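Thank you all for making the time this morning.

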Amino acid sequence: MKGRRLSLVFLFFFFFFFFVILLSSSSAHPHKRILRHEPCNHLVLYFHDIVYNGKNAANATSAIVGMPEWGNRTILAGLNHFGDMVVFDDPITVDNNLHSPPVGRAQGFYFYDRKEIFTSWLGFSFVLNSTDHKGTINFAGADPLMNKTRDISVIGGTGDFFMTRGVATIMTDAFEGEVYFRLQVDIKLYECY
């Protein structure tokens, strides 16, 4: 009987210490991410892309740097531009006017990744340097261009947007042929530090 009582006491202390350790480990990480159902930050910005076409070097903000064998670097390829890769350094504005003072630059690349449908994949950063915001917001994701709105991931940032996460809803606001387009980017951040 004494051995059984000793076993029960041992078992009680084992579970007690296990419970204490479990509680202390959950409080050991005071910098847990706070996930929100409502955005902690919301921005609407525009970026303006002017593709180099062989004649507009003075004001071009992007250039075709890769293309399929049948393509060239001044005209986007046929078959929904499949295989073209474009690098850009576009001005960002708070309204849809190309001539408004820029609040930063959109820098990155996109490539057209399907023959059957007009779609691309984006990887870029907003480099913001204004009185309101300083830092970067990084984006990546598929861009099915035929949809009115498209969502891509906000995958991080620096400065005012340190390690931020969220969703950016992109909408083509305007385009002129295959040389100029303007995107409205509605950014909702759900993780802010």
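Before the first feature, a working definition: a disulfide here is a pair of cysteine sulfur atoms within 2.5 Å. Please keep in mind throughout that what you see is a predicted model.

With that cut-off, the structure holds 1 disulfide, and the partners are Cys40 and Cys192, whose sulfur atoms sit 1.9 Å apart. The torsion about the S-S bond of Cys40 and Cys192 comes out at about 75 degrees, and the disulfide is therefore right-handed. As for where the two ends sit, Cys40 belongs to the loop between helix H1 (2–26) and strand E1 (41–50), while Cys192 belongs to the segment after strand E9 (180–191), so the pair ties together parts that are 152 residues apart in sequence.

Let me step back to the overall fold for a moment. The protein chain has 2 helices and 9 strands, and, read along the sequence, these follow the pattern α-β-β-α-β-β-β-β-β-β-β. Of the 193 residues of the protein chain, 35% count as buried. Among the contacts in the protein chain with a separation of 6 or more, 47% come from residues 24 or more positions apart.

Now to the aromatic rings, for which the count comes to 14 aromatic pairs. One of them joins Tyr110 and Tyr112, edge-to-face, at 5.7 Å centre to centre and with 90 degrees between the planes, and both of these tyrosines are buried. Tyr110 also pairs with Phe181, again as an edge-to-face pair, with 6.1 Å centre to centre and 70 degrees between the planes. Since Tyr110 lies in strand E4 (residues 104–112) and Phe181 in strand E9, this pair ties together parts that are 71 residues apart in sequence. Tyr110 counts as buried at 4% relative accessibility, and Phe181 is buried too, although with a relative accessible area of 19% it should be read against a limit of under 20%.

Which residues are closest to the centre of the largest pocket? Of the 20 residues that line it, they are Tyr112, Phe118, Leu145, Thr172 and Phe181. Four strands, namely E4, strand E5 (120–129), strand E8 (165–176) and E9, each supply at least two residues of the lining, and E9 gives the most, with 3 residues. By residue class, the lining of the largest pocket divides into 13 nonpolar, 4 polar and 3 charged.

Met163 has a positive phi of about 55 degrees, although it is not a glycine. Met163 lies in the loop between strand E7 (149–157) and E8, and, at 37% relative accessibility, Met163 counts as partly exposed.

Note on methods:
Residues numbered from 1 in each chain as written. Predicted model: local features only at pLDDT ≥ 70, side-chain atom pairs only at ≥ 80, totals over all residues. Heavy atoms only, no water. Phe/Tyr/Trp six-rings, centres within 6.5 Å; stacked < 30°, edge-to-face > 60°. Buried < 20%, exposed > 50% of the residue type's maximum accessible area, 1.4 Å probe, protein only. 1 Å grid on protein atoms, 1.4 Å probe; cavity = no way out; pocket = protein on both sides within 12 Å on 5 of 7 lines; lining within 4 Å. Nonpolar A, V, L, I, M, F, W, Y, C, P; charged D, E, K, R; others polar. Contact = heavy atoms within 4.5 Å.
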